[in-house]
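Please read it alongside the sequence and the coordinates.

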Amino acid sequence: MTALSSRVHPTTATASIPIAQARGFTPPPHPLAALRSDEMAIISRVVKAYNPSKTCAFRRILLVEPPKALVVPILKAELAGTRLPPAPARLGQALFYFEGETNFMESIIDIRSQKLMSQRHLEGMHGPGDDDEVLEVAAASLRSPLVKKEIERLQLPEGCEVVAEPWPYGTDDTPVDIRLYQVWYFLNLAENKDHPSAMFYAHPLDFSAVVDIRDMSVVRVDRMPTGVDLHADTSPDKRWTPNSDGEYAPDLIPGGVRTDLKPLHISQPEGVSFTVGSDGETIKWQKWSFRVTFDVREGMVLRNVVYDGRPLFYRMALSEMTVPYGDPRSPVHRKSAYDLGECGAGQTANNLQLGCDCLGVIHYMDGLGCSAAGDPDAGLGWKHTNIRTGKAEVVRSRELVFQLIVTVGNYEYALYWIFDTAATIHYEIRAVTPVDANIDCTGLKYGTVVADGVFAPHHQHSASSRPLCRSKRLALILVLPPFPSHLTVFNLRIDPAIDGYEDSVVVYDETLPMPRDANNPHGVGFEVFSTKVEKESAFNLDWETNRVVKMVNPNSLNRYSGKPVGYKIVAPPTQLGLAHESSMHNRRGEFVNNHLHVTKHSDAELFAAGEHPWQSIGGQGGCRTWAARERPVGAGEGVVWFTLGFTHATKSEDWPIMSSEVFRMHFKPTGFFDYNPALDMPPSTQRVNNSTLADVEKPAVISKCCAGKL
């Protein structure tokens, strides 16, 4: 999903070019609906017709974000049940190369009229990768005489297989104009190489190749440092040193898997509590209504989130994620993939499997990826026991869970949007990975030796992630690699519509101690102070002041407190980017320095590190650039960008595959309701729940707290 303002420019195309044989097109039912397959076909056909002498190699076909100013009147009319105003033009964006050429191209197409509106060369920018390209790069690199020479030097054992894993090249301190890949190499030993889950990451090789995408040629081989020195051993006599396997597949684990774990079945005998509209996108559940759409870049996008007829959010989506590695040695110093901009959450989405990825009663939502929805029990909602009478009132919480799992090279991320019965929205990330490792580097502080001959660098996970391909060969399992230590940094873009589409403002509250004076004679008082964010800016969470960011509507007041109704962001202040401010990691990562950026809404500004991050150098658009404008932000104009990070200091328990690392943040009502919105949830009773006693030596005794309830 991209925007229009960056496309208001002179172009080499005529303003509007009709296609000779327009074919039938049925307009979609809603301007916020995801692109359909017939719309994508129209976009492709129009671009090809405009460029008849060339072959177009499409990288992405996306919906151009419709102008919010034209969509909001439609949403308001829908809520009011009145006549809908005209829908805005439905535009598509095609990003592509001409076969055999290096110019990265963009076309904008009016889908309904089937006309090309503009076409331009995106000068200085590079397009994302895709599965076919990654496989082609891997195969081409293995055919290179330079790579073959390195393989021969290592004198690898008979019958083994060298596996190539292409990554985005990243950016050096001195940028290059040519679009490049960095290819890492691993060894599949003969014993297990035919197993579909063979753990080749256990056997990293000591060289890497740089591939020029123009002709798929290897332009350079980089030898990898294998010790504490910053520089590699370039000896022509250096050989491969055998090391032990690190398999994770159940049938390859020494000793096998546990056999004493009993089955767990989840059932809903009367079916699920949610409904999905005929469009496949509109969801209704427990006073919630919203639209879930998908695209190849962002994956899941929530649109027009409404609770009990009251708007909350216009748009919510993961904007970007990056994984900057903490190993200063070349060529690993360039590792800092942008998993949405360089690859795409939709492009790398898994086909989720019933009973494996998803337990319970599940509805699958097909898009450019695949998501699953279910409404499981979520534990205790609220409870109180009257200590005088012994009477307990108990309510269970329920959640509606939307799950998307993406596999990016050796990384896997499970991404969840979760709605609950207390009017709270949760965003959860689970990161897993087979350790993607380097040669043993005992003694270095920017990584950990996790197995014989395997060094796992520390790294950060920050709304941006790693390699490009989801091929079963190159991307096997959910991963948070142990390469060097790394950080994964994620960024969410939140466009609020708190109790109205045009009134939201952003504030932050801080809790501070009162001075000990006549108003606080015992010195125990503390107060909450609220600060309005009046201009584009960047700032951090602060545990010392309990700084909490809120999105409120000053024109809608809580009837008891008299304060504006709102929603607050509840999240821990995670570690941010660690690279030096002058480094390329930092310059490219426009969102990694602050937990929060507030910018003035623009339909064109959707991606926290800019629209096209492949080999970017920063300063081409993104949170830091936009916040630095410091323009005034009025009511209904503020967009909140929230950054959270995983710093992965690798450890032996991450080998050969790490257990999921979990982060959950929350969007909670604050004064939005006059009382607990879950007060009307039905009581939790044994008659409904049908729980049973465990068959153990000393059975648990059921409490009488709900024995008499209906």
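**Notes on the predicted model**

1. Leaving aside residues up to four places away in sequence, Phe667 touches Phe313, Met316, Trp417, Ala423, Thr424, Ile425, Leu492, Ile494, Met551, Tyr567, Lys568 and Ile569. The model is a predicted one. The largest nonpolar core comprises 77 residues, and Phe667 is among the three that touch the most other members, together with Trp288 and Phe313. Another core, of 24 residues, lies apart from it; Tyr181, Val183, Phe207 and Ile213 are among its members.

2. Which residues make up the aromatic cluster? The cluster is formed by Trp288, Phe290, Tyr307, Phe313, Phe402, Trp417, Phe419, Tyr427, Tyr567, Phe667, Phe672 and Phe673.

3. The count of aromatic pairs comes to 27, with ring centres within 6.5 Å as the criterion. One of the pairs is that of Tyr413 and Phe490, which is edge-to-face, with 5.6 Å centre to centre and 80 degrees between the planes. This pair links distant parts of the chain: Tyr413 belongs to strand E21 (residues 411–420) and Phe490 to strand E26 (residues 485–496), 77 residues apart. Tyr413 and Phe490 are both buried.

4. Trp626 and Trp641 form a tilted pair, at 5.5 Å centre to centre and 45 degrees between the planes. Because Trp626 lies in helix H7 (residues 623–627) and Trp641 in strand E33 (residues 638–648), the pair ties together parts that are 15 residues apart in sequence. Both Trp626 and Trp641 are buried.

5. Two charged side chains deserve mention with the rings. Lys335 lies over the face of Trp184, 4.5 Å from the ring centre. Over the ring of Tyr508 sits the charged end of Arg547, at 5.0 Å from the centre.

6. Four strands form an open sheet in the order E6-E7-E8-E9, and their pairing is antiparallel. Why is one side of E6 and of E9 left without a neighbour in the sheet? Strand E6 (161–168) and strand E9 (217–223) stand at the edges and each has a single partner strand, so one side of each has no neighbour there. On average, neighbouring strands of this sheet are turned by 30 degrees against each other, direction ignored.

7. E6 and strand E7 (residues 180–188) run antiparallel and are joined by eight bridges. Trp167 stands opposite Gln182 in E7. Helix H4 (residues 145–154) lies across E6, E7, strand E8 (204–212) and E9, and runs at about 175 degrees to E8.

How values were computed: Residues are numbered from 1 along each chain as its sequence is written. This is a predicted model: local features need pLDDT of at least 70, side-chain atom pairs count only at pLDDT 80 or more; totals for chains, interfaces and linings use all residues. Side-chain values use heavy atoms; hydrogens and water are left out. A nonpolar core is a set of buried Ala, Val, Leu, Ile, Met, Phe, Trp, Tyr and Cys residues joined through side-chain atoms within 4.5 Å. Buried means under 20% relative accessible area, exposed over 50%, partly exposed in between (1.4 Å probe, protein chains only). Contact means heavy atoms within 4.5 Å. Rings of Phe, Tyr and Trp (its six-membered ring) pair if their centres lie within 6.5 Å; planes under 30 degrees apart count as stacked, over 60 as edge-to-face and the rest as tilted. Helices (H or I, at least four residues) and strands (E, at least two) are DSSP runs, numbered from the N terminus. A charge sits over a ring if NZ of Lys or CZ of Arg is within 6 Å of the ring centre and within 35 degrees of the ring normal. Two strands pair if DSSP finds at least two bridges between them. Axes are lines fitted to C-alpha atoms, for helices over the stretch in contact, and angles run from 0 to 180 degrees between N-to-C directions.
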